[in-house]
Amino acid sequence: MSTSRRVPSALVLSIPVATFGMVVGFIIVTLPQILAAQNVPGGHIAVAVAVITSPGFWVFLVAPILDVRFRRRNYALVFGLIAVTATAVTVFYHPAKMEIEAVMLVGYLSVALYGAAIGGWTGALIEKEQNSKLGAWNTIFNVCSGGLGVLVSGYVTQHFSPGHGAMLIFVLFLAPMLSFFFIPAPPADDTLASESFRRFGRDVTSLFKRREVLVALAMLILPSASFALTNTLGGWGKDFHASPGLVSIFGGLGSVLAGIAGSALIPPIARKFPLRPMYLAVGIIGACFTLGLLLLPRTPVAYGLAFLGENLFQAAAFATAYAIIFDVIGKGNPLAATIFAVLTNALNFPIFYMEIVDGHGFDWNGITGAFLFDAVVSGGVCILLWIVLFKVLRVRRGRSTAEPQPVVDA
């Protein structure tokens, strides 16, 4: 495909993310339901899902293969096809418990590599001014497609025969990949492909010596704006006297609408403010919102406000984080997929450990403890990072005005 083709809008560039969102939604929500229907113990289900989704933390170790030899579009096509096939096989062959767990481990690894290939591919195509738009649309497609994947897969596994259900999911989950035909696919970097593996390893290692990569890595791997409460609030509805039906509404439709709203806020704000301090500002304002929830009575209305608000702030944080990642990648970067995988893995990690922190807070003092722990830790880290980043900025400006490279510039 010619690299001289006009790059489409950020909306079109984000369509392939829908395949990623639907597969992940199936794994996180529908797969546990399938296992539970097979009388798999709850403890085993939790361990199985944790193992299956573990590539989300270590896929960056193999992501460098996406930047050599073949076009990223080709890698995305192969790994996307494997991930969707694994999902369809699971729907068709779900009575075999251990087999589908192994199949979906391969499926999640493949969809993680698919996501890295897509992020590197599209991120290296756009101009700097499009970073916030692509970050917002990526988040919107991820949130909406995740909800769609859960709704469709949940329905077909209950009402369709295994064969028909697998076929429908295979076609629907692959459909967003048709957008590949409309997106230019530059060839892989010839230098990286022709040099020895040792040289390529040095190029990857050099990423961690780049200041913009290290700053982004520090901001994303720390709990600056993780809003991990979105993953735990679903189990705390009874503490707000919210019925299971109301929890489902907020967890499904409510989280999608809040995700769209939070993502849509970012592009217009990004035209006026740098991305990095904006990311920290989202974390600080969100932490204040979480603290404010402590003043409300434990009612279903308060639960709805908490669920929608936390999802809105998380979507805004993710949209900003993706924009920062695309900014670090830059147009034409030969290591785009590697950088995308490293930084998105860093972005996902705080959600994991902040769930543990929030859980300890809940054990200490219920909802009050969970909200307090989450807000104080996240807000405190944001304030600390803000002080450190601006201190570095002042030092750099005082040391040299010849080549100003603000740490917090977007």
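Mentor: Let us begin with the terms: axes are lines fitted to C-alpha atoms, for helices over the stretch in contact, and angles run from 0 to 180 degrees between N-to-C directions. Helices (H or I, at least four residues) and strands (E, at least two) are DSSP runs, numbered from the N terminus. This is a predicted model, in which local features need pLDDT of at least 70 and side-chain atom pairs count only at pLDDT 80 or more, while totals for chains, interfaces and linings use all residues. Residues are numbered from 1 along each chain as its sequence is written, and side-chain values use heavy atoms, with hydrogens and water left out.

Trainee: At roughly what angle do the axes of helix α5 and helix α8 cross?

Mentor: Two packed helices are described by the angle between their axes and the distance between the axes. Here the axes of α5 (residues 72-92) and α8 (residues 162-174) cross at roughly 160 degrees and come within 8 Å. The two helices are therefore roughly antiparallel to each other, on a scale where angles under 35 degrees count as roughly parallel, over 145 as roughly antiparallel, 65 to 115 as roughly perpendicular and the rest as oblique.

Trainee: Which residues make the contact between α5 and α8?

Mentor: Contact means heavy atoms within 4.5 Å. On the α5 side the residues are G80, L81, V84, T85, T87, A88, V91 and F92, and on the α8 side they are P162, G163, G165, A166, I169, F170, F173 and L174. By class, this contact of α5 with α8 has 11 nonpolar, five polar and no charged residues, where Ala, Val, Leu, Ile, Met, Phe, Trp, Tyr, Cys and Pro count as nonpolar, Asp, Glu, Lys and Arg as charged, and the others, Gly among them, as polar.

Trainee: How do the axes of α2 and α8 cross?

Mentor: The axes of α2 (residues 17-37) and α8 also come within 8 Å, and cross at roughly 140 degrees, which makes α2 oblique to α8. T19, M22, V23 and F26 of α2 meet L172, F173 and L174 of α8, and these residues divide into six nonpolar, one polar and no charged.

Trainee: How many disulfides are there?

Mentor: A disulfide is a covalent bond between the sulfur atoms of two cysteines. With the criterion of a pair of cysteine sulfur atoms within 2.5 Å, the count comes to zero. C288 is in no disulfide, and the nearest cysteine sulfur, that of C382, is 10.0 Å away.

Trainee: Is C382 buried or exposed?

Mentor: C382 is buried, with a relative accessible area of 0%, where buried means under 20% relative accessible area, exposed over 50% and partly exposed in between (1.4 Å probe, protein chains only).
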